[in-house]
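These are my notebook entries on a structure examined entry by entry. I record what I looked up and what I found.

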Amino acid sequence: MPSLKIRRHRAPLVVAIALGVVLFGAAGPASAHNQVTGTVPADGSVVTEQPGTFSVSTSDALLQAETGNAMVVSGPASDPRYYGEGCGVVTGGTLALDAQLGQPGTYTVTWRAISVDSHVISDSYEFEWAPSAGVPLAEGTVEPSCAAAGSGTNTPAPDAGSSGTEPAAALGDVLWIGGGVLAALVAVLLTVVLLRRKS
Ligand SMILES: [Cu+2]
């Protein structure tokens, strides 16, 4: 019964392929870093009423690390001042800061947080503050009240457009995926050896 013989020989190959799929599947979630899912106000939006609370929401939980979190609201770009007290508060995957805005113009929100996977996640974005008539405006302060943000705000992020995950993290992913590929290759090789022994 030749057909049965072929099937028997194919079984280890199927196992090897399944193993490879499982390994690739395991590498998948490990490579997905925490990502921004939304901000209030939105990046590039025109804001006409005091938002009250500024927030950045991410796809993963953030650490309640008081020295690692920072959220700074500043503007207008022509004569920037700082608004809000402290470095923001973490709730689940959201970093939020209460602040009242000042004079109209372009405002910047600069933030940094640490994901539960220990990676630093940070970014900054701008929005236009065009308060409606009668909206009360805050005075702001000359220096940010968030001490932890000191170095981060005095030296602006080198490229404000990209959300920062460390290069080391990307390397870790490459190693992870590389490990998966290697394991799959070993499984296939073992199968080939087994097949040859049988025949
Ligand atoms: Cu990560």
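**Entry 1: Phe54**

I first asked: is Phe54 buried or exposed, and why? I found that Phe54 counts as buried because its relative accessibility is 0%; buried means under 20% relative accessible area, exposed over 50%, and partly exposed in between, with a 1.4 Å probe and protein chains only.

Before going on, I noted that this is a predicted model, in which local features need pLDDT of at least 70 and side-chain atom pairs count only at pLDDT 80 or more, while totals for chains, interfaces and linings use all residues. I also noted that residues are numbered from 1 along each chain as its sequence is written, and that side-chain values use heavy atoms, with hydrogens and water left out.

I located Phe54 in strand S3, residues 52-58. Helices (H or I, at least four residues) and strands (E, at least two) are DSSP runs, numbered from the N terminus. I then looked up the contacts of Phe54, a contact being heavy atoms within 4.5 Å. Leaving aside residues up to four places away in sequence, Phe54 touches, among others, Val40, Pro41, Met71, Val73, Leu95, Leu101, Val109 and Phe127. For Val109, I recorded a C-alpha to C-alpha distance of 8.4 Å from Phe54, against a separation of 55 residues in sequence.

**Entry 2: Aromatic rings**

I counted three aromatic pairs in the structure. Rings of Phe, Tyr and Trp (its six-membered ring) pair if their centres lie within 6.5 Å; planes under 30 degrees apart count as stacked, over 60 as edge-to-face and the rest as tilted. One of these pairs is Tyr83 with Tyr107, which is tilted, at 5.5 Å centre to centre and 45° between the planes. I placed Tyr83 in strand S5 and Tyr107 in strand S8, 24 residues apart, so that the pair links distant parts of the chain. Tyr83 is buried at 5% relative accessible area, and Tyr107 is buried at 0% relative accessibility.

**Entry 3: Strands and sheet**

I listed three helices and nine strands in the protein chain, and read their pattern along the sequence as α-β-β-β-β-β-β-β-β-β-α-α. Which strands form the open sheet, and in what order? I found five strands in the order S2-S9-S8-S4-S5, with mixed pairing. Two strands pair if DSSP finds at least two bridges between them. The edge strands are S2 (46-47) and S5 (81-83), each pairing on one side only. Strand S8 (residues 105-114) runs antiparallel to strand S9 (residues 120-129), with 10 bridges between them. Within this pairing, I noted Thr110 opposite Ser124 in S9.

**Entry 4: Copper ion**

Which residues coordinate the copper ion? I identified His33 (ND1), Asp117 (OD) and His119 (ND1), at 1.9 to 2.1 Å. Donors are N, O and S atoms within 2.8 Å of the metal (3.2 Å for Na, K and Ca); water is not among the atoms, so sites may look incomplete. The spacing of the donors along the chain is H-x83-D-x1-H. His33 sits in the loop between helix H1 (2-31) and strand S1 (36-40), and His119 in the loop between S8 and S9, 86 residues away. His33 counts as buried at 17% relative accessibility, whereas His119 counts as partly exposed at 21%.

**Entry 5: Disulfide**

I found one disulfide, a disulfide being a pair of cysteine sulfur atoms within 2.5 Å. Cys87 and Cys146 form the bond, with their sulfur atoms 1.9 Å apart. Cys87 lies in the loop between S5 and strand S6 (89-91) and Cys146 in the loop between S9 and helix H2 (150-154), so the pair ties together parts that are 59 residues apart in sequence. I classed the disulfide as right-handed because the torsion about the S-S bond is about 105°. Cys87 is buried at 15% relative accessible area, and Cys146 is buried at 2% relative accessibility.

**Entry 6: Confidence and totals**

Last, I checked pLDDT, the predictor's confidence in each residue, from 0 to 100. The mean for the protein chain is 78, and 59% of its residues reach 70 or more. I marked residues 25-29, where pLDDT stays under 50 and the model has three contacts beyond four places in sequence. I marked residues 150-172 as well, where pLDDT stays under 50 and the model has 17 such contacts. Of the 199 residues of the protein chain, 30% count as buried.
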